[in-house]
Amino acid sequence: MNMQDVAQRLVEMARQLGAIDADALAIADTGESIKVRQGKPESVEREDARGIGLRAFVDTADGLAFASASSADVSDEGLTRLAEQAVAMARISAADPDAVPPSGSDHPEPAELVAWKRRHHDAAAPWNSEQALAAALDAEAAALQVSTEIRNSEGAEASFGLLTVAYAAADGFAAEYSRGSLGLALSVVAGAGADMQRDYAYDQGRHLDALRPAGEIGREAATRAVRRLHPGTLKSGRMPVVFEPRCAASLLGHLAGAANGRAVLQQRSFLADKIGRSIFPDFVRITDDPDHAKGTGNRLFDGEGTRCAPLGLVEDGRLQGFLTDRYAARRLGTTSTGHARRGLTGDLGIGPSNLIMAPGKDSLEALLHEIGDGVLVTELMGFGVNAVTGDYSRGASGFLIENGRISRPVSGFTIAGNLADMYAGIIGMADDLTWFGSKAVPSIAIAGMTVACQ
């Protein structure tokens, strides 16, 4: 079944029922997940989901109103019921003076659609069941061979799938794109008794050649767990904190949340008045790239059919603008950046595609040497982040840095600060750019955070 045709038919049905504007999003998502533990398959799960969502806009006595509805039934009868439901709901909904119909969006041109399909012609599920099972078994076996300190495995999981997204609007635009994905994750336990430590490793990508070898992922998980054995404490105080890439990725997530145009409109962002101002040191550059060879967040258009294009979110340390959909852009007096996120139900949201923080030029070892004394954070716990004020406080574990070198594992401490101060206080970034799905970030060193033992 062609999902693009389904989306177009649904929009036409809504128009025939009286909607003055409409758009539809159709999704086909297939995937499989295989988990193994102690060298044996533990579970196999398969998903084959199809669904379609419709937004219908109608004129009312008080102005434009709209409603959204969705269904997993893509038969002719199911589409008819869905169109009738969405239009009926729109007619009894309150008018919204700021509602922005989808027609007239800055859609991709036909040549761009062709170029996208040419670049992504190999979109397909990258594994089959046998390959995924073999990868999970190989990862676990490699981990268990690293050290006699590895006492248990919490299991390895391999997953793969193919996502197809189709969109159609009442102005005649219709298109679709597909992307394959695969991932491999493993968690193991080192030590025994009161000194057990667990850690994990994972990787994900769009193609098999983008995924690290299963054995490498397994060895990383085991090595990380063994390194954490026999942790101590550290003295409380203000000191430099280095976030390794997997922890630094969360700092990019907080930035995207604060640069969300709808969060700004709702006064839920500490960056609301920071456009054009320096929020990072001048050597920091952060981009959002919707078409990157290593990114899992690639997309041709956003949830409103707006073309997605690379965006310099932070240039030379300065915030260049906010991520917007058409609604937020109208309210903020700008144009949409193509960052509308949309599910089959509910209102639109806003989110990035692939966020990339440009790395530094020196190694992590050189960065630690420059810092001298501090702490390297390898795990974060809790969710003590206030998006309105930027206040930041999270539990952590990692390693003490003494005389420019990693000396010993430490745990049970809290790091605290304010995101605005943390961003401005970045004193260095390593050259170890690492991808975590749709984020790419290096190790980041921040000066003068408050570290407190629990």
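## Terms and model

A residue is called buried here when its relative accessible area is under 20%, exposed when that area is over 50%, and partly exposed in between, with a 1.4 Å probe and protein chains only. Helices (H or I, at least four residues) and strands (E, at least two) are DSSP runs numbered from the N terminus.

This is a predicted model, in which local features need pLDDT of at least 70 and side-chain atom pairs count only at pLDDT 80 or more, while totals for chains, interfaces and linings use all residues. Residues are numbered from 1 along each chain as its sequence is written, and side-chain values use heavy atoms, with hydrogens and water left out.

## Helix α9

Helix α9 spans residues 364-371, and its buried residues are L364, L367, L368 and I371. Because these residues cover an arc of only 100° around the axis, they lie on the same side of α9, the arc being that of the directions from the helix axis to the C-beta atoms. An α-helix has 3.6 residues a turn, so residues three or four places apart point the same way.

On the other side of α9, E365, H369 and E370 are exposed. The cover over the buried residues of α9 includes β7 (237-243), β15 (391-402), β16 (405-418), β17 (426-429) and β20 (444-453), where contact means heavy atoms within 4.5 Å. After α9 comes G372, which has a positive phi, near 90°.

## T414 in strand β16

Strand β16 also holds T414, which counts as buried at 18% relative accessibility. Leaving aside residues up to four places away in sequence, T414 touches S393, R394, G395, T450, V451, A452 and Q454.

## The largest pocket

A pocket is an open set of points on a 1 Å grid over the protein atoms alone, where a 1.4 Å probe fits, with protein on both sides within 12 Å along at least five of seven lines; its lining residues have an atom within 4 Å of a point. The largest pocket holds about 570 Å³ of space, a volume being the space filled by probe spheres set on the points, which are joined across faces, edges and corners. Its lining has 28 residues, of which R212, E220, P245, T434 and F436 are the closest to the centre.

Strand β6 gives the most to this lining, with 6 residues. By type, the lining of the largest pocket divides into 11 nonpolar residues (Ala, Val, Leu, Ile, Met, Phe, Trp, Tyr, Cys and Pro), 12 charged (Asp, Glu, Lys and Arg) and 5 polar (the others, Gly among them).
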